[in-house]
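Please look through the structure shown below together with its sequence. The report that follows describes how its parts are put together and is meant for a reader meeting it for the first time.

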Amino acid sequence: MNLKRTPLYDWHTAHGARMVDFGGWEMPVQYNSILEEHRAVRQQAGLFDVCHMGEAHIRGPQAGRWLQQMVTNDPMTLQINQAQYNVMCQENGTALDDLIIYRLGEAHFLAVLNASNVDKDVNWLRQHLESGVTLEDASDGTALMALQGPAAQTILQKLTAVDLSQLRYYWCQPGAVAGVDTLICRTGYTGEDGFEVMVSSDKAVAIWGALMQAGASHGLLPVGLGARDTLRLEAAMPLYGHELDEETTPLEAGLTRFIVLDKDFIGRDAVRDEKEKGLKKRLVGIEMVDRGIPRQDYAVLYQGEVVGKITSGTMSPTLEKAIAMAYVRSDLREVGTELAVMIRDRPAKAVIVRRPFYKR
Amino acid sequence: MSLPKEYRFTRDHEWAKLDGNRVRVGITEYAQEQLGDVVYVELPSVGKQITLKQTFGVVESVKAASDLFSPVTGKVVETNPGLEDSPELVNQDPYGEGWMIVVEVKDMGELQNLLSADDYAAYLESLG
């Protein structure tokens with residue numbers, strides 16, 4: 001299968017990026033050093049190509065009511081230009097995807113989807129479409145770039161007349177950036193302050209260049225998927241395919257505050273049932289006590305017995321400790337619980353810690 | 001990429017350098033470049049017997065863990081104490097400060113079977 005490329009592909013390769021296959025896309029994993037890119041985002045700013053993400057517009061007089069049935073949170077409560085984190089479930093309550101829904105008008109919503117799930121999501125949504133609602137998959141024509149880090153506001157403000165100090169977390173604002181029409185969103189996936197800028201694909205290169213230039217004096221670096229993963233992991237944000245999948249429910253993933261049970265949605269009965277009967281497994285944060293780095297699928301033990309497995313793990317560049325997220329038997333979720341992770345056939349001591357691992 | 005002429009190399013990108021009847025072992029410039037930032041190195045304890053082409057340790061970058069394969073057979077007599085706190089030495093100076101173990105080798109002939117610097121350079125070339 002041919003890998004897809006974003007409009008910024010040529011820029012990445014011209015700037016020394018190492019490209020990898022990610023969800024069917026040829027994406028930069030790093031330019032120079034994952035650690036350096038990670039630190040740039042924590043201390044100054046980083047720019048991410050997230051054009052591979054999917055975008056679907058949902059419009060029509062019944063758009064809000066219909067969306068409400070499709071996801072766990074309640075998009076009907078959104079004001080215009082407000083955003084909301086959601087999970088889309090199957091009937092059995094497990095997660096098809098996690099997504100951010102923006103309300104762009106009274107009868108116009110925009111869903112931002114994980115790259116590897118776009119086709120699956122769009123098919124699912126189309127199958128359930130009702131009269132009075134239209135769905136437009138705008139993924140190919142839409143570019144998305146994330147500018148993240150403490151200097152993000154200063155950098156972006158140089159290029160726009162929109163007063164960014166008035167734009168709150170999980171809100172968005174249409175406006176010109178470097179003379180190009182965009183949607184500026186105060187969202188991100190790093191645990192830092194920052195923005196995501198949505199623009200027509202043919203303008204991606206121009207906006208990317210303008211941002212890199214505006215950020216040059218502020219320590220801005222382009223950042224690949226390698227650091228994107230360590231940043232989101234320190235912030236304990238779930239990644240579909242790791243903490244969420246079709247075998248996992250949003251309750252197990254600890255996403256309770258994004259589930260509204262007093263309205264109907266696909267999977268609600270299963271989720272409610274699960275809530276009453278108790279969970280089989282639960283997502284926890286783990287920090288290593290012994291040396292070693294926990295990685296995806298490593299077994300987790302409690303008193304010598306296998307009780308779960310690692311979903312994501314790394315050496316945290318900020319904390320300089322090995323950290324991980326893991327699913328464990330749900331009675332073991334207490335912070336301070338001593339566990340072990342099987343690292344190359346040897347149990348290494350670990351402990352359950354509070355999430356997120358890093359908070360700005 | 002310039003390779004130290006007196007070193008010997010494996011196709012798994014380890015190097016071996018003769019030092020009396022001992023052999024110093026590490027990974028190559030190419031290997032550290034492919035790995036990216038090294039954040040953890042797991043080495044055998046001193047006294048352990050290791051075998052040609054068998055795993056003797058693990059080097060971990062931010063993204064993944066990779067096995068280290070021994071270029072020789074023998075007994076580990078020294079490990080690099082600097083790598084515990086500064087695994088980045090592997091990136092910064094793979095042929096020097098980033099060495100991993102010293103092995104007391106029984107059969108020095110093993111070393112002759114490894115790639116010379118020129119052969120390894122040609123091998124890297126073939127990888128593209």
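## A salt bridge between the chains

Arg295(A) and Glu60(B) meet through their side chains in a salt bridge, with 2.8 Å from N to O; the term stands for a side-chain nitrogen of Lys or Arg within 4 Å of a carboxyl oxygen of Asp or Glu. Because Arg295(A) lies in the loop between β14 (281-288) and β15 (299-302) of chain A, and Glu60(B) in strand β6 (residues 55-61) of chain B, the pair joins two chains. Helices (H or I, at least four residues) and strands (E, at least two) are DSSP runs, numbered from the N terminus. Arg295(A) and Glu60(B) are both buried, a word used for under 20% relative accessible area, while exposed means over 50% and partly exposed in between (1.4 Å probe, protein chains only).

This is a predicted model, in which local features need pLDDT of at least 70 and side-chain atom pairs count only at pLDDT 80 or more, whereas totals for chains, interfaces and linings use all residues. Residues are numbered from 1 along each chain as its sequence is written, chains are lettered from A and ligands numbered from 1 in the order in which they are written, and side-chain values use heavy atoms, with hydrogens and water left out.

## Where chain A touches chain B

In the contact between the two chains, 16 residues of chain A touch 16 residues of chain B, contact being heavy atoms within 4.5 Å. The area buried between chain A and chain B is about 1,500 Å², and carbon and sulfur atoms give 46% of that area; buried area is the accessible area (1.4 Å probe) that two parts lose on being put together, summed over both. On the side of chain A, Arg291(A), Arg295(A) and Arg344(A) lose the most area to chain B, together 40% of what that side buries.

Five salt bridges are found across the interface of chain A and chain B. One salt bridge links the side chains of Arg344(A) and Glu60(B), at 3.1 Å from N to O, and a network of salt bridges links Arg295(A), Arg344(A), Arg346(A), Glu42(B) and Glu60(B). The interface of chain A and chain B also has 13 residue pairs in polar contact (both at pLDDT 80 or more), where a polar contact is a pair of N or O atoms within 3.5 Å; within protein, one must be able to donate a hydrogen and the other to accept it, and residues adjacent in sequence count only if both atoms are side-chain atoms. Two or more residues on the side of chain A that touches chain B come from each of β2 (25-30), α2 (34-43), α7 (225-234) and β16 (305-316) of chain A.

## Two domains in chain A

Chain A is divided into domain 1 (1-277) and domain 2 (280-353), with bounds that come from an automatic or database domain assignment. Between domain 1 and domain 2 of chain A, the area buried is about 1,400 Å², of which carbon and sulfur atoms give 55%.

With four residues, α7(A) gives the most to the side of domain 1 of chain A that touches domain 2 of chain A. Nine of the ten residues of α7(A) are buried, among them Leu225(A), Arg228(A) and Glu234(A). After α7(A) comes Ala236(A), whose phi is positive, near 55°.

## Nonpolar cores

A nonpolar core is a set of buried Ala, Val, Leu, Ile, Met, Phe, Trp, Tyr and Cys residues joined through side-chain atoms within 4.5 Å. The largest nonpolar core has 62 residues, of which Tyr85(A), Tyr102(A), Ile286(A), Val300(A) and Ile310(A) touch the most other members. Strand β17 (residues 321-329) of chain A gives the most to this core, namely seven residues, and the core draws at least three residues from each of domain 1 and domain 2 of chain A. Another core, apart from this one, has 35 residues, including Leu8(A), Val177(A), Val180(A) and Ala210(A).

## Salt bridges within the chains

Over all chains, the structure holds 25 salt bridges. Lys309(A) forms one with Asp297(A), the closest N and O atoms being 3.9 Å apart; Lys309(A) lies in strand β16 of chain A and Asp297(A) in the loop between β14 and β15 of chain A, so the pair ties together parts that are twelve residues apart in sequence. In chain B, Asp118(B) forms a salt bridge with Lys5(B), the closest N and O atoms being 3.0 Å apart. That pair links distant parts of the chain, with Asp118(B) in helix α5 (residues 117-127) of chain B and Lys5(B) in the segment before β1 (8-9) of chain B, 113 residues apart. Both Asp118(B) and Lys5(B) are exposed.
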